[in-house]
Amino acid sequence: MPKQTGSGEGDLNANVKSASKPQIVPVIRKKKRVKSLARKRTATPTTADVPIETEIRPPAVPAERKRTSVSWAEFDEIRNNGKVVSGKCKHCNAIIGAKSENGTSALTKHLKSCDVFKKKQKQVNQMYLKVCEKGDGSVAAYNFKFNQEVTHDCIARMIILHELPFLFVEYIGFRRLLASLQPNFKLVKRNTTKSDCMKVYEIEKKHLYETFSKVQSRISLTTDMWTCTTQNKGYMALTAHYIDKE
């Protein structure tokens, strides 16, 4: 029988030893991606990203001019598409055309012919009465109508009589007095008062010529010279003495 060699036994022992030893197998693990907890920064939107809101506005309507005519106080406005086209009389309810391009002449003309308006105006005028005492002691009352020209003449004669400056008519106290007496009076300036004083001078000058032409007696004249310190001008005052018919 053939003998087994020692090499075969040795190989068997080697295989047993190698089988008893644990084998090391390399394991490759995949790394999991860790989600970042950091918040993402939101990008600021640009003007291209923001929708532009457009607002549609109606066209601007030009403002109407204020009513300057006193005739509108007696009429109610009638409008068409926001514009005044006519006026309704508050007294007789008549409708009068009054477009802006035509003016208010038609309204004024209607008030002159409106019987209801004229009747009311007559009643208002009767409220202003002036009391006058007669020579026999009796008292009479009659309608009073304010006149601007008469008041101007009275102011000018007051300035001349009391030698007041022309600026007196612009004093606040004097203006308040006139406004309390007659609110319809149009206040004047010093230049207007100066012109009114010159008108009074011409009137009195003409009246003096007429008076001297009728005097039958002799006339004695007296002169007086004086100088104005504020104007540095010299003046001569002439006084006449005569006997009239009375």
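**Hairpins, salt bridges, core and pocket in a predicted model**

Strands β2 and β3 form a hairpin with 5 residues between them, and Asn-93 in its turn has a positive phi of about 65 degrees. The structure is a predicted model: local features need pLDDT of at least 70, side-chain atom pairs count only at pLDDT 80 or more, and totals for chains, interfaces and linings use all residues. Residues are numbered from 1 along each chain as its sequence is written, and side-chain values use heavy atoms, with hydrogens and water left out. Helices (H or I, at least four residues) and strands (E, at least two) are DSSP runs, numbered from the N terminus.

Asn-93 is found in the loop between β2 (83-89) and β3 (95-97). The two strands run antiparallel and are joined by 3 bridges. Strands count as paired if DSSP finds at least two bridges between them. Gly-87 has Ile-96 in β3 as its bridge partner. Strand β2 also pairs with β1 (residues 75-80). These strands too run antiparallel, with 6 bridges. Here Arg-79 has Val-84 in β2 as its bridge partner. β1 and β2 form a hairpin with 2 residues between them. Asn-81, in the turn of that hairpin, has a positive phi of about 60 degrees.

Most residues other than glycine have a negative phi. Glu-163 has a positive value, near 55 degrees. Glu-163 is found in the loop between α4 (148-161) and α5 (172-181). Its relative accessible area is 73%, which makes Glu-163 exposed. On this scale, buried means under 20% relative accessible area, exposed over 50%, and partly exposed in between (1.4 Å probe, protein chains only).

Side chains of opposite charge can pair when their charged atoms come close. A search of the whole structure finds 4 salt bridges. A salt bridge is a side-chain nitrogen of Lys or Arg within 4 Å of a carboxyl oxygen of Asp or Glu. Glu-77 is partly exposed, at 34% relative accessibility. Arg-79 is partly exposed, at 44%.

Asp-153, Arg-157 and Glu-204 are linked in a network of salt bridges. Asp-153 pairs with Arg-157, the closest N and O atoms being 2.9 Å apart. Both residues lie in helix α4. They are 4 residues apart, about one turn of the helix. Asp-153 is partly exposed, with a relative accessible area of 27%. Arg-157 is also partly exposed, at 33%. The side chain of Arg-157 meets that of Glu-204 in a salt bridge (3.0 Å, N to O). Glu-204 lies in helix α6 (residues 190-214) and Arg-157 in helix α4, so this pair ties together parts that are 47 residues apart in sequence. Glu-204 is partly exposed, with a relative accessible area of 36%.

In soluble globular proteins, nonpolar side chains tend to be buried together. The largest nonpolar core of the model has 11 residues in all. A nonpolar core is a set of buried Ala, Val, Leu, Ile, Met, Phe, Trp, Tyr and Cys residues joined through side-chain atoms within 4.5 Å. Its members are Ile-155, Ala-156, Ile-159, Phe-168, Val-169, Phe-174, Leu-178, Phe-185, Val-188, Cys-197 and Val-200. α4, α5 and α6 each supply at least two residues of this core. α4 gives the most, with 3 residues.

The largest pocket has a volume of about 880 Å³. On a 1 Å grid over the protein atoms alone, a pocket is an open set of points with protein on both sides within 12 Å along at least five of seven lines, and lining residues have an atom within 4 Å of a point. Grid points are joined across faces, edges and corners, and a volume is the space filled by probe spheres set on the points. The lining of the largest pocket has 18 residues, and the closest to its centre are Ile-159, Ile-160, Glu-163, Leu-164 and Phe-166. α4, α6 and β6 (220-228) each supply at least two residues of this lining. α6 gives the most, with 6 residues. The lining divides into 12 nonpolar, 2 polar and 4 charged residues. Ala, Val, Leu, Ile, Met, Phe, Trp, Tyr, Cys and Pro count as nonpolar, Asp, Glu, Lys and Arg as charged, and the others, Gly among them, as polar.

Definitions and conventions. On a 1 Å grid over the protein atoms alone, a cavity is a set of points where a 1.4 Å probe fits but cannot get out, and a pocket is an open set with protein on both sides within 12 Å along at least five of seven lines; lining residues have an atom within 4 Å of a point.
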